[in-house]
Amino acid sequence: MNIGVLGAGQLGRMLALAGYPLANRFTFLDTTGHPSADIGEVIIDTDQSHLEAFLDKVDLVTYEFEHLPVTLVQAIEKRKPVYPSSEAIRVCQNRAEEKALFDRLAIPTPAYRLVDSAEALEAAVNELGAPVVAKSVTEGYDGKGQAVIRDPAQAVDAWRSINHSQLIVESFVDFVREVSIIAVRGRDGEVVFYPMAENQHVDGILRYSLAPVPDLEDSVQHTADGYIRSLLDELDYVGVLTLELFQCADGSLLANEMAPRVHNSGHWTQDGAVTSQFENHLRAIQGLPLGDTRARQPTVMVNVIGQEADNSAVLAMADAHLHRYGKSERPGRKLAHINLVADTFDELLNKVRVCAALVPDAPESHFSFEPRAGSSFDTTSR
Ligand code: AMP
């Protein structure tokens with residue numbers, strides 16, 4: 001089976017790496033002019049003149065990047081099976097559509113308003129109460145196109161700096177931790193769920209993901225499973241879907257956003273789960289049985305951003321797995337990640353600290369369940 005992938009970045013590269021053992025072949029369609037997958041066949045198509053050549057080569061189409069013209073995906077859908085569908089892309093690339101879907105399915109989210117002027121933004125800050133987070137409705141990712149507004153007087157500056165025709169304004173959530181749930185839906189409607197991950201972001205960019213979360217109540221996992229199942233079923237979705245959530249002090253979950261693809265917070269599954277998110281996505285879109293999603297052992301994923309890590313020292317660590325993307329160094333660019341696996345959470349947290357010292361500019365990690373100074377919380381038995 002030759003799989004066509006829209007987008008040609010590291011997610012596509014890792015899909016291909018997971019697909020070769022299944023005898024899949026990959027053809028990427030890159031619309032940006034800057035592909036980095038460096039595997040399979042990459043067709044660079046910045047002027048939509050190579051679409052036919054791409055379609056002729058592939059049996060079905062998926063994607064690793066959702067900021068594509070919906071009309072392009074709809075045109076492809078007329079020619080080849082596309083999983084997940086253009087409807088999933090349409091909803092996920094627009095925060096207003098996404099929130100409307102969450103509301104319709106009774107999935108709780110932070111309170112929000114949609115605004116289309118600086119005046120309306122200021123009014124929304126007054127209504128919701130500062131602080132709020134203003135986000136461009138389209139095209140934002142990794143914290144781009146966002147501003148935290150702490151005073152209504154900052155609304156005009158925020159409107160200008162984001163420079164977008166429509167914004168979504170959300171109450172700032174005083175969360176205990178950020179988590180994500182990744183689930184996979186097969187062509188026959190079967191759904192499997194990964195254990196949730198705890199995610200640490202700095203300036204909107206993911207730095208660490210840990211799974212499974214040792215003190216996460218089963219009821220919270222079940223609640224998240226229910227939310228993502230309703231999204232998958234509503235969209236008649238096939239493949240991997242990711243839902244990012246905030247967990248509040250009372251244990252409740254608020255949905256932040258979703259991604260219609262394999263996700264950075266699921267990279268831990270490559271070395272920490274029985275079946276990786278990449279393999280499971282490929283199984284789903286080909287109508288194959290879905291793989292076991294259980295975590296084998298406590299795992300942390302460490303992102304390498306801007307500058308390469310001390311890779312020899314990383315590889316000298318026990319049960320540390322380096323995944324490089326073959327990209328050149330540039331500030332803010334995701335270059336690689338390291339999966340650390342351990343028998344116990346205490347051992348894992350020690351490994352994270354050793355590893356962070358080998359990754360330039362890595363922030364200090366802190367997971368919500370870690371003992372604070374003076375506490376006797378025991379993580380070894382979980
Ligand atoms: P997003 O692009 O929506 O995932 O936002 C990037 C990051 O900004 C999130 O991972 C959070 O750390 C933070 N953030 C976004 N929205 C909110 C919110 N409503 N309240 C608090 N923090 C937020």
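Student: What should I know about the model before we start?

Tutor: The model is predicted, so local features need pLDDT of at least 70, side-chain atom pairs count only at pLDDT 80 or more, and totals for chains, interfaces and linings use all residues. Residues are numbered from 1 along each chain as its sequence is written, and side-chain values use heavy atoms, with hydrogens and water left out.

Student: Which domains does the chain have?

Tutor: The assignment gives domain 1 (2–82), domain 2 (111–171) and domain 3 (175–356). Those bounds come from an automatic or database domain assignment. The C-alpha centres of domain 1 and domain 2 lie 34 Å apart.

Student: Which residues of the largest nonpolar core touch the most other members?

Tutor: They are L6, F54, L243, L245 and M258, in a core of 44 residues. A nonpolar core here is a set of buried Ala, Val, Leu, Ile, Met, Phe, Trp, Tyr and Cys residues joined through side-chain atoms within 4.5 Å. Buried means under 20% relative accessible area, exposed over 50%, and partly exposed in between, using a 1.4 Å probe and protein chains only.

Student: Which helix gives the most to this core?

Tutor: Helix α8 (residues 218–234) does, with 6 residues. Helices (H or I, at least four residues) and strands (E, at least two) are DSSP runs, numbered from the N terminus. Domain 1 and domain 3 each put at least three residues into this core. There is also a second, separate core of 33 residues, which includes A211, W268, A273 and I285.

Student: Switching to the ligand, which residues are closest?

Tutor: K135, Q146, E170, E178 and E257 are the closest of the 15 residues that surround the ligand. A residue counts as near if one of its heavy atoms lies within 4 Å. Strands β6 (132–136), β8 (167–171) and β14 (253–259) each supply at least two residues of that shell.

Student: Which side chains have an N or O atom by an oxygen atom of the ligand?

Tutor: For H201, a side-chain N or O atom is 3.3 Å from a ligand oxygen; for N256, the corresponding distance is 3.0 Å. A backbone N or O atom of S171 also lies 3.0 Å from a ligand nitrogen. A polar contact is a pair of N or O atoms within 3.5 Å; within protein, one must be able to donate a hydrogen and the other to accept it, and residues adjacent in sequence count only if both atoms are side-chain atoms.

Student: How much of the ligand does the protein bury?

Tutor: The protein buries 92% of the 470 Å² that the ligand exposes when taken alone. Accessible areas come from the Shrake-Rupley method with a 1.4 Å probe; for residues, only the protein chains shown count as cover.

Student: Is S265 buried or exposed?

Tutor: S265 is buried, at 1% relative accessible area. It sits in the loop between β14 and α9 (269–272), and a 2.8 Å polar contact joins its side chain to that of H263. Beyond four places in sequence, S265 touches residues including S180, N199 and T242, where contact means heavy atoms within 4.5 Å.

Student: Where are the cis peptide bonds you'd point out?

Tutor: One runs from Y83 to P84, with omega near -10 degrees, and another joins A211 and P212, with omega about -10 degrees. P84 is in the loop between α3 (70–77) and α4 (86–92).
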